[in-house]
Amino acid sequence: MSIKRISFVVLFLLIAFLSSCNKEKPSHSNRVVIGIESDIQSTNPLFSYTVDEGNISELLYLSLIQFGWNSNEGELIPEPMLAKDWQWNKDSTSVTFDLRNDVYWSDGVQFTAKDIVFSFDLYSDPQVQSSRYGMFKDFYSDSSSHIDLDKTFIVENPFKITINIKKGVLPDFNDFAIPIIPQHVYDNIDRKNLISAEKEMKPVTDGAFILSKWEKNQAIILRANKKSFLTKPSGPQEIIFKVVPEYSSRITQLRRGEIDLMEDIEAGDVAQLRNDSNLKIFPLLGRDYDYAAWNNIDPDTYRKTKRITPNKLFGDEKVREAFTYAINRQGIVNNFLNDMGQVAIGPVSPIFKNSLDTLLNPLPYDPEMAKKILASDGWKDVNQDGVLEKGNLKLAFTFYIPGGNPRREYAATVIKNDLKKIGVDIRIESLEPQVFFQRMFAHEFDAWMAGWSVPLPLDLKPFWYSDLKNTPLNISGYQSKAVDLLLNQIEKTKSPPYRKQLYREFQELVYKDNPMTFLYWVDNIIAYNTRIKDINITPLGAVYHCWNWTVNN
Amino acid sequence: MTMRIKIWHQITAICFSLLVLKVNLVIKIFSLQLVFFNVLVADYSKAIYQIDFSLIDYFISAIMIIIIPVGVIFLRRRIKVFSLSLNFTSAIIIILAAFFVFAPLVANNNPDFQQNIGETKLLPPLSSVEVIHLKREVKPAQNLLDKLVKLKEEVIKNTYDESIIFADSLSISSNATIFQKNSQIILPKDRILYSDGLPVITREYFLLGTDEYGRDIYSRLIYGARISLFIGLGSVIISLLLGVSLGFLAGYPGGFIDTIISRVTDMFLSFPAIFFVILILALFGNSLFTVILVLGFSGWMSLFKIVRGEVISLKQKDFFISAKMAGLSNYNLLTKEILPIILAPVVVNLVFQYGSVILAEAALSFLGLGTGSFYPSWGAMIEAGQNYLTQAWWMVVSPGLCLFITLFAANNLGREIQLYYNPRLKG
Amino acid sequence: MKKEILQLLFKRILTSLIVLFLLISFIFFLLRISPGDPSLKFVSPDLSPKLASKIRDSFNLNSSLISQYKQFIINLIQGNFGVSYTYRIPVISVIKDFLPFTLIFSSISFLIQIFVGFLLALISVRRINGVFDKTVLRLSLIAYAIPSFVLGVSLILVFSSMLNVVPSSGLSSFDAGSFSFFAKISDYIIHLILPVVTLSLSGVAVYYKYLRQNLEEVYDNSFVLSLRANGFTEKEIIRKHVLPNAINPLISVAGVELGILFSGALVTEVIFGLPGMGRLTVNAILSRDYPLVVGCTVISGVLVILSNLAADLIKIRFNKRLIKGMLN
């Protein structure tokens, strides 16, 4: 056979195949496809470490209570789920839940209070390494943070349970909003190997959806659970999480209708997506902010001796304030975020309307002011090389950023240029994220840029409390006795108006001290196909409570 | 054809035309040099603070633009290469070399210059914006150093310029209102610079458009030529040193050392180079220097094989054995007998490798492990443009074209060298 | 002859084992001395700091480097690569999910590269410096010089976004399970057309250039002239005499290329969202999943060595004298 003939045959076969394509397309009844960046590792809520894993496990497993979002107050509202109702005792040290008696696991076994005790047991067991490990601070527990079951749980009957919490702590519903897992499935498995063993097992779930198929690195396909009390006939019958690692491919698929919903859209793409009549854009007010950190303490001394000494360059809050004046933050918001974000004033996200201090205004972009402040602090360009000096110190340093994030690269470039205008010479070094974060947590940098996501509900202590050993996220080493006092009071107070007052005072102090330059809050831009109706996007997530959606064909 | 264009013609032509076009700048650089040396003599300690990379860069390119054409004209008969006739490949290589040396003269602007991003970002090629000039406070120069600083500010392009504003239009009533795309700036009237009662407005042209920061792509391409050449040459040299020295070390004595080095080479070959590169960059950070180092480290294996093979086969040749019998030292054997023979395959290999290194750098940028957008390497520019493919095609096309032409030239050069050493091949 | 081949195989296996051992040790130490921490993923405002330290303990990263290495080698000899830090299942099972796709995908691309490159070179060499030859030569250079990520992204832009004829990512449709066999195959093909083109184009250019050059060299030899004088047709000359001589160097190149292809086509996999070894390896590196990195390295090392061996065996079939050189 000659090459010519082979090539003809191949060509013919190709054409034959291609022409047979696109013919078999079954009806996509009530199906919603959600584009995600990377595959999940587990559908089990015990091991849901990432946002996507959390979203998916919450569709599969029900929690004792769920949350709604009060957008007027900017607060979470606890709502019934597995628990129909609950009562606190007088001194708020125990709460009794009435449970639903119509919930069954997908293998037919009924859900009871025993599953709840078992779930809390597993989540807090150090051997299991669950995503919630170490977070049950309000419960009676042993030295390894394992909850003391006898002291904590009283099963009154299979559908009534009382949970005791420690005296003196503020009751927090977040402690109870964990997805419950079936005891009869995991009871006999060695807890140490649970994390591996779980991968081989077919998930037994009780949620609004059932795992129908999981094609590794391709898609996670969920089917509506007809027996669930949450499922509505008009709701989505199938939810598919499709793994598309390349961002631009995700956008392409969104526009083609291959994907119905996608989060984290870059602001630059919004204009062209808006032209698409099938798509709706929803910029969700941000819970994430980027910051430029100027280390308050000297990192080398702290690493070596654990002693806290002020940083040579940025120990003085005047310098930090000058930098905040010098950086055109509004410019970044205008030009990179296309106004899908806002300049940050402090660490309290604008979504927390009740806690936010609305009287504060961001420092304006004012390089002249910055120059004045620096000059008054003794920074002058004596040798006229374009860089400010004070004695032997030169206002020149390396600014580290994690690589692979276009927004931060953009902001860093702007910062470099803006600071150069006031006589500060910075060299940007972009590090691979793993290396960057390891060195950041090890207190190796003088100046760097990263971002935080503010937890829901608001919790500021891990970021701002002065004791660096127990607040691992206060990496810029902010030291303030007054702030410590406020944070301790916030933790204890039970009166909402007083707490609001304390939060305001906290924000004013931080505003004055400029522990870092808060750059901007980034909107989470979500786009979804207009096929999806009744969608309610809140800071809890776009996919949250998706069983309430109505889906047109 | 009586008169063919030769290489030295092109070199001198480029230099002269640059000199004519930028004569103002060149003169200013020379006067800057003069002032600088005056300060240097007067007060050494003050002058050294003024030295930075861009100052030296400007000095060198101004000196070179005089020296090179003169040198070439004088040496054109002595050095054969200059009298070769010009073809596409050599023309490209000379242009690239000119970019490399004369970047400050060729480029319009500092590659990192950004101002009024909202007004200038993502402009298509050949577009322009109005430049409104502001008054500057002119401090009288009190001493020589002040004069130097002032002159330096004037000559060396900075990443910002506080005396201009890019805008669409300007209207002056009680205040000066500057209109930009999405915003307007209101300034007191007397901030604007006037000449004959009219505000001074010029136009800034962007030959190849601007990127997402409003930076001039043309200037970035010129400086990018430097970075890309630097990455390519740097890593090729590292490969050369490693490959050749290890090849000798293995091939010449043979035996146990040979076995060890060969196995280590096999080890590197049994793992795709891209993973090795990513591994090292991920583990040890991705600065420009590491990128060069690691690309160099990943490409020495084929050179090693060539050198080792040639050395081993040479060892058995008659002339080599007799040279050794004649008592030539190892060093002499190396330089007189071995090096000339392995030169040809090594050079060819290097040229081809150069092309693949530039490509690899681009791919690394795509995977987020390149030198980052802080150096305008072509690969990084393509990567950045890729995100704006639907909005700003020119961000990909211009660096892409440059990359392609360079690769094309490198390939042709490799082929020509191959032909030169091995004339049996043709076409 | 048989004996010599066995001897060759034995020798190859021995040296390959040494090379693999070197490779594994090299990667092991490189990973351990480098910055980065596999438990870093578990440090976040949403997770307790206690979790990260518990996880770090369970990875056994706190013992000394030498004892870790010893344990690692002992496990390896028993065929145990350990448990992946990210997937939390044995490394072998993780790789089992990814390898088949890579093997099939790269084989298809490899065959296309060879086939098309070959075809073009054969047509080209009939009239050296003819119109076809010159055009293809130029085009091949362009194809070689286009970075594959630019090509991939532009293909998606044109064929998926603008023309809307093929899907832009993934391996199959969600409903593929319910398709008939024929429809399933065509579903795969339609998904893989763009990736295969992206992956193959530069390869086609390389093989074309190689083959064209070799063919040309052999073609110019005097023995072709004498064959022509003896009245052999051009076709016979090419098939019986020119090709066997020209193809030899190509086989070594192809062997190396195939091995590299088998290790995964990283850029293509990233652009088109394909579940291949390339992405697996790089993600393992980036997340510091040490056991998985070592596992992927071993697999790719074995595949590279095997495909080189295959290339050598094929060469021996064409030219039996080569075995002597290989044995030394």
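How many residues of domain 1 of chain B are in contact with domain 3 of chain B? Eight residues of domain 1 of chain B are in contact with 11 residues of domain 3 of chain B, where contact means that the C-beta atoms of two residues, placed from the backbone, lie within 7 Å. Welcome to this predicted model, in which local features need pLDDT of at least 70, side-chain atom pairs count only at pLDDT 80 or more, and totals for chains, interfaces and linings use all residues. Residues are numbered from 1 along each chain as its sequence is written, while chains are lettered from A and ligands numbered from 1 in the order in which they are written.

**Domains of chain B**

- Chain B is divided into domain 1 (7-106), domain 2 (127-206) and domain 3 (217-426), with bounds that come from an automatic or database domain assignment.
- Taken over C-alpha atoms, the centres of domain 1 and domain 3 of chain B are 28 Å apart.
- On the side of domain 1 of chain B that touches domain 3 of chain B, seven residues are nonpolar, one is polar and none is charged.
- In this grouping, Ala, Val, Leu, Ile, Met, Phe, Trp, Tyr, Cys and Pro count as nonpolar, Asp, Glu, Lys and Arg as charged, and the others, Gly among them, as polar.

**Domains of chain A**

- For chain A, the assignment gives domain 1 (62-192) and domain 2 (286-522).
- The contact between them takes seven residues from domain 1 of chain A and 10 residues from domain 2 of chain A.
- The domain 1 side of this contact in chain A has two nonpolar, three polar and two charged residues.
- The centres of domain 1 and domain 2 of chain A, taken over C-alpha atoms, lie 37 Å apart.

**Where the chains meet**

- Between chains A and C, 48 residues of chain A are in contact with 52 residues of chain C.
- The elements of chain A that give two or more residues to the side touching chain C are α1 (3-20), α6 (194-200), β9 (219-224), β10 (238-243), α7, α14 (433-441) and β18; helices (H or I, at least four residues) and strands (E, at least two) are DSSP runs, numbered from the N terminus.
- That side of chain A divides into 23 nonpolar, 17 polar and eight charged residues.
- Between chains B and A, 27 residues of chain B are in contact with 23 residues of chain A.
- Chain B gives two or more residues to this side from each of α6 (117-120), α7 (144-155) and α10 (273-284).
- By class, the side of chain B that touches chain A has 10 nonpolar, 13 polar and four charged residues.

**Residues to look up**

- Ile251(A) sits in helix α7 (residues 247-256) of chain A.
- Ile251(A) counts as buried because it has 23 C-beta neighbours inside 10 Å; the cut-offs are 20 or more other C-beta atoms within 10 Å for buried, 12 or fewer for exposed, and in between for partly exposed, with C-beta atoms placed from the backbone.
- Asp264(A) lies in the loop between β11 (261-262) and α8 (270-274) of chain A, and has a positive phi of about 55° although it is not a glycine.
- With 17 C-beta neighbours inside 10 Å, Asp264(A) is partly exposed.
- Asp196(B), also not a glycine, has a positive phi of about 55° and is found in the loop between β6 (194-195) and β7 (198-199) of chain B.
- Asp196(B) is exposed because it has 5 other C-beta atoms within 10 Å.
- Leu456(A) and Pro457(A) are joined by a cis peptide bond, with omega about -10°.
- Pro457(A) is in the loop between β18 (447-453) and α15 (461-464) of chain A.
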